[in-house]
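User: I'd like to learn how to read a structure like this one, feature by feature. Could you walk me through it?

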Amino acid sequence: MAKTDFKSVEEYIAAQPQTVRPTLEHVRKIIRDALPGAEEVISYQIPAYKLHGGRVIYFSGWKEHFSLYPVTENLVATLGDEVAPYVAGKGTLRFSLAEPVPAKLIERITRLRAEEEADAMKAKAAARAKRRG
């Protein structure tokens, strides 16, 4: 994958190996359905989804797996055994392309991340208001 200046998620997916593309399109649809109204962007040269100014979730494709980011301590604690097999280092979930896409789990991860991001945005707004006032 030589191209690193993607302008859209379509470009990103098109640059992936043919064998990975259908899975990435499926993951993209799951995330978009779970985050209606989210802005789809490229950030760190991978697809990302922003809601109310905050980045909720990213995904990337690889030769033998796809990954979701970020994985927070709260997410791992909340989803526990459901995500444990997929944790691949700090902040990353890795899903094998040899297995079916766990759509319901990805939907839950996405919604939980949206809640976390909304809480973080509220906390930042409250801190700003406190400094001003």
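This is a predicted model: local features need pLDDT of at least 70, side-chain atom pairs count only at pLDDT 80 or more; totals for chains, interfaces and linings use all residues.

User: Which residues of α4 are buried, and what covers them?

Analyst: The buried residues of α4 are Leu105, Ile106, Ile109, Thr110, Leu112, Arg113, Ala114, Glu116 and Glu117. Their cover includes two helices, α2 (21–34) and α3 (73–79). It also includes the strands β2 (46–51), β3 (54–61), β4 (65–69) and β5 (93–96).

User: Those strands make me curious about the sheet. In what order do the strands come?

Analyst: The general idea is that strands of a sheet pair through backbone hydrogen bonds, either parallel or antiparallel. Here five strands form an open sheet in the order β1-β2-β3-β4-β5, with antiparallel pairing. Because β1 (39–43) and β5 stand at the edges with a single partner strand each, one side of each has no neighbour in the sheet. On average, neighbouring strands are turned by 25 degrees against each other, direction ignored.

User: Which helices lie on this sheet, and at what angles to β3?

Analyst: Helix α2 packs on the sheet and touches β1, β2, β3 and β4, its direction making about 165 degrees with that of β3. Helix α4 lies across β2, β3, β4 and β5 and runs at about 145 degrees to β3.

User: How do I read which way α2 faces, and which of its residues are buried?

Analyst: Start with the turn of the helix: an α-helix has 3.6 residues a turn, so residues three or four places apart point the same way. In α2, which has 14 residues, the buried ones are Thr23, Leu24, Val27, Arg28, Ile30, Ile31 and Ala34. Seen down the axis of α2, these buried residues fall within an arc of 160 degrees, so they line one face of the helix. The face turned away from that buried side carries the exposed residues Pro22 and Lys29. As for partners, the buried residues of α2 pack against α1 (9–14), β1, β2, β3, β4 and α4.

User: Back to β3, then. How many of its residues are buried, and how does β3 pair with β2 and β4?

Analyst: Strand β3 is mostly covered, with seven of its eight residues buried. It pairs with β2 in the antiparallel sense over four bridges, and with β4 in the antiparallel sense over four bridges. The hairpin of β3 and β4 has three residues between them. Across that pairing, Gly61 stands opposite Phe66.

User: Could we finish with one residue? Is Ser60 buried or exposed, and which residues does it touch?

Analyst: Ser60 lies in strand β3, standing opposite Ser67 in β4. Its relative accessibility is 1%, so Ser60 counts as buried. Leaving out residues up to four places away in sequence, Ser60 touches Tyr12, Leu24, Ile46, Phe66, Ser67 and Tyr69. One of these, Leu24, is among the buried residues of α2. The side chain of Ser60 also makes a polar contact with the side chain of Trp62, at 2.9 Å.

Key
Residues are numbered from 1 along each chain as its sequence is written. Side-chain values use heavy atoms; hydrogens and water are left out. Buried means under 20% relative accessible area, exposed over 50%, partly exposed in between (1.4 Å probe, protein chains only). Contact means heavy atoms within 4.5 Å. Two strands pair if DSSP finds at least two bridges between them. Axes are lines fitted to C-alpha atoms, for helices over the stretch in contact, and angles run from 0 to 180 degrees between N-to-C directions. A polar contact is a pair of N or O atoms within 3.5 Å; within protein, one must be able to donate a hydrogen and the other to accept it, and residues adjacent in sequence count only if both atoms are side-chain atoms. The expected span of a helix is 1.5 Å times one less than its number of residues. The arc is that of the directions from the helix axis to the C-beta atoms.
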